[in-house]
Every structure is written in structure tokens, then in C-alpha cells.
Amino acid sequence: MNLPNKLTVLRVIMIPFFVLFLLLDGGNNVTYRYIAAAVFIVASFTDLLDGKIARKYNLVTNFGKFMDPLADKLLVCAGLVCFTALGQLPAWIVIVIISREFIISGFRLVASDNGVVIAAGYWGKFKTASQMVMSVLLILNIPALSIVTNAFIWIAAILTVVSLVDYIAKNYRVLTEGSM
């Protein structure tokens, strides 16, 4: 259990606290929302940190390869479901984002079975960054930033679809031929 893996586990442990503070008092308590934002930001930062440490110090493990993307998906999806429950995000956007994650996970599973590792592309990184910014804006729920928040909702939705199309276009051979 090296440092990057501990950071990944920490991120998973933080998810229920993030959800708790976001939903406490029906999502109406500003203090709880700020705590939820802090937890989300720290959890998101651990994602950045664990990957950098693992690559820099050659601490990549099978546990990390499996749990890191799962922890990311759990964090983002937990937030998306909460935002829908709070009436801040339309369900169709959540369905599009979560569906993309399932499709990509399926691709990675097939690739892995064929001994192929598919690295995250730039569109996927932009998608993740936009979802993180969108999530923080939705958590903070600042009326003066509603235009910016709505813009990031659309940016995240569009980048989700673009990154999916890019991923499939670059990796379709994994499904059709079992290789790259």
C-alpha cells in the first residue's frame, strides 16, 4: 500500500462525507455546502497528486490502475446524483455523463482482456477538468455565478460526448479486432 494507493483510498473514504455535507439540511445550508466543496476539492486534488507521484516514482500498481479510475468515477457520479436530487442538474445530463463512463470502462475491460492498455486522451482530461469545475460551481451554488455555472454544465456535457466519440474513434479496433 504505497502513497498513491493510500491517496486513492482516502479519496474513496471522502466521498460519503462529501455527499453528507452536500445533502445535509436539504442542500440549503451554505456552511455545509462550503465544507462539501472543500472535501470535493481535496478529493479531486488527491486524484491529481496520486497519479503524478505514481508515475514519477514508478509506484504504479494493479490496485492503483483499478481503483484510481473507479474512485474518480465514484466521486463525480456521487456529485452528479446529488445535484439531480437537489434540482440543480437535469437527469439527462447525468445519464449522458454516467453512460460515457460505463462505455469507456467497458472498452478498457475488453482492452485489458486483450493485453492492451488504453491511456486517457486529452479530450478525456478536458472532460474531467470541466466536470470538476462544474461540480465545484454547483456545490457552491452562487447565484451571481449562475451563467458561468450553466456554461460549465454545457461545456462538461459537450466534452463528455466529444471525449467519448474521440475515444471510440481511436480505439474501436479493440472491439472489432481485439487489438490496437
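These questions and answers cover helix contacts and aromatic pairs in a predicted model.

Q: What makes the pair of F107 and Y167 edge-to-face?
A: The ring centres of F107 and Y167 lie 5.8 Å apart. The cut-off for a pair is within 6.5 Å. Their planes stand at 85°, and over 60 degrees counts as edge-to-face. So the pair is edge-to-face. A search of the whole structure finds five aromatic pairs.

Q: Why does the pair of F107 and Y167 tie together parts that are apart in sequence?
A: F107 sits in helix α4, and Y167 in helix α6 (residues 146-176). The parts are 60 residues apart in sequence, so the pair links them. Both F107 and Y167 are buried.

Q: Why is the pair of W123 and F126 called edge-to-face?
A: The centres of the W123 and F126 rings are 5.9 Å apart, with planes at 80°. Pairing needs centres within 6.5 Å, and edge-to-face needs planes over 60 degrees apart. The pair is therefore edge-to-face. Both residues lie in helix α5, three residues apart, about one turn of the helix.

Q: Why does W123 count as partly exposed?
A: Its relative accessible area is 37%. Buried means under 20% and exposed means over 50%, with partly exposed in between. W123 is therefore partly exposed. F126, at 45%, also counts as partly exposed.

Q: Which residues make the contact of α4 with α5?
A: I97, R100 and E101 of α4 meet G124, K127 and Q131 of α5. By class, one is nonpolar, two are polar and three are charged. The axes of the two helices come within 13 Å and cross at roughly 140°. The crossing is left-handed.

Terms used:
Residues numbered from 1 in each chain as written. Predicted model: local features only at pLDDT ≥ 70, side-chain atom pairs only at ≥ 80, totals over all residues. Heavy atoms only, no water. Axes fitted to C-alpha atoms, helices over the stretch in contact; angles between N-to-C directions. Helix = DSSP H or I, 4+ residues; strand = E, 2+ residues; numbered from the N terminus. Left-handed = near helix turned anticlockwise from the far one by under 90°. Contact = heavy atoms within 4.5 Å. Nonpolar A, V, L, I, M, F, W, Y, C, P; charged D, E, K, R; others polar. Phe/Tyr/Trp six-rings, centres within 6.5 Å; stacked < 30°, edge-to-face > 60°. Buried < 20%, exposed > 50% of the residue type's maximum accessible area, 1.4 Å probe, protein only.
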